[in-house]
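Here is a briefing on one chain, grouped by topic. Keep the sequence and the coordinates open as you read.

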Amino acid sequence: MALAVALTSYLPCTLAAMEAGVINEYAASRVFEATACASEDVAAEVDSLWAGRSDDRNPPALRRLVNSLLMRVDPEGYERRRQEKVAARRLEIRHGEHGSSTLFTMDQLRLDALVERCLGSHGCAGKPKAQIFVHIDLPTLLGPRDNPAELAGCGDISPEMARAIAFDADSVWNRIVDEPMTGRNRPAQYTDLDHKRAWKDGGGADQANFRPLCRVHHVLRGEPGWTFTTDE
């Protein structure tokens, strides 16, 4: 019922995309769920923006896009909601039948202790620490700008959250040089190892025959009509 009301009032572009067969009802519900936390005016602006920008219409990708746009349209609201979520963090234990229990929630300090152990932080000497990759531009990192950052594997995060992670006492910074005009960069974890000479043609799994390609070009080079060459 709530989805129907939203589609016929402040999410007209999402409704139009669904009626045109561009997205299905489940994808439309993801747009609704992502914008339900904001005012109708903000949600309507996000609705008008996503419809002209999304090339990937599967529901998870669409929700990530909507969340990213929501952060840009309403950065103060996004940060306020993030802080409220942090303040409400907890674990919970529910006792079930047949002698079983499920851990859901306790208090904030116990959750923080659990996170600390999981990340291999203080009190876990000798164990590897978790690696968390945050991509952020230098002006935002230092404060003059407030552009969204990217948390690898998750999506866009607020500049406040990115700075909190970056300036944690245990954080390690690794500089990656971007293309200067566009800021384009392909992190290593997003690439495939490709054989210069195909495995079926005798190419080996060695340093001389391996090079990283993004997934699009890795797949594309095997399509008819395409050739791939490298210089020295």
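Helices here are DSSP runs of H or I with at least four residues, numbered from the N terminus. By that rule, R82 lies in helix α6. The model is predicted. The chain has ten helices and seven strands. Of its 232 residues, 27% are buried. Among contacts between residues at least 6 apart in sequence, 38% join residues at least 24 apart.

**Helix α5 against helix α6**

- Helix α5 covers residues 59-73 and helix α6 covers residues 75-87.
- Their axes come within 5 Å and cross at roughly 110 degrees.
- The range for roughly perpendicular is 65 to 115 degrees, so α5 is roughly perpendicular to α6.
- On the α5 side, the contact is made by N67, L70, M71, R72 and V73.
- On the α6 side, P75, Y78 and R81 make the contact.
- By class, this contact has five nonpolar, one polar and two charged residues.
- Two packed helices are described by the angle between their axes and the distance between the axes.

- R82 and S158 are 76 residues apart in sequence.
- In space, the C-alpha atoms of R82 and S158 are 8.6 Å apart.

**P159 and T140**

- P159 lies in helix α9, which spans residues 159-166.
- T140 is found in helix α8, residues 138-142.
- Is P159 buried or exposed? Its relative accessible area is 7%. The cut-off for buried is under 20%, so P159 is buried.
- T140 has 0% relative accessibility and therefore counts as buried.
- Beyond its neighbours within four places in sequence, P159 is in contact with T140, D146, N147 and P148.
- With residues up to four places away left out, T140 touches R145, D146, N147, P159 and R163.

**T35 in helix α3**

- T35 is found in helix α3, residues 25-35.
- T35 has a relative accessible area of 1% and is therefore buried.
- Which residues does T35 touch, not counting those up to four places away in sequence? They are L11, A43, V46 and V66.

**N58 in a loop**

- N58 is found in the loop between α4 (40-50) and α5.
- Its relative accessible area is 31%.
- N58 and V22 are 36 residues apart in sequence.
- The C-alpha atoms of N58 and V22 are 9.8 Å apart.

**Aromatic pair**

- How many aromatic pairs does the structure hold? It holds one.
- F167 and W173 form this pair, with 5.4 Å centre to centre.
- Their planes are 75 degrees apart. Planes over 60 degrees apart count as edge-to-face, so the pair is edge-to-face.
- F167 is partly exposed, at a relative accessible area of 49%.
- W173 is also partly exposed, at 47% relative accessibility.

**Cysteines**

- A disulfide needs two cysteine sulfur atoms within 2.5 Å. By this rule the count is zero.
- C13 is partly exposed, at 27% relative accessibility.
- C154 is partly exposed too, with a relative accessible area of 46%.

Terms used: Residues numbered from 1 in each chain as written. Predicted model: local features only at pLDDT ≥ 70, side-chain atom pairs only at ≥ 80, totals over all residues. Heavy atoms only, no water. Phe/Tyr/Trp six-rings, centres within 6.5 Å; stacked < 30°, edge-to-face > 60°. Buried < 20%, exposed > 50% of the residue type's maximum accessible area, 1.4 Å probe, protein only. Axes fitted to C-alpha atoms, helices over the stretch in contact; angles between N-to-C directions. Helix = DSSP H or I, 4+ residues; strand = E, 2+ residues; numbered from the N terminus. Parallel < 35°, antiparallel > 145°, perpendicular 65-115°, else oblique. Contact = heavy atoms within 4.5 Å. Nonpolar A, V, L, I, M, F, W, Y, C, P; charged D, E, K, R; others polar.
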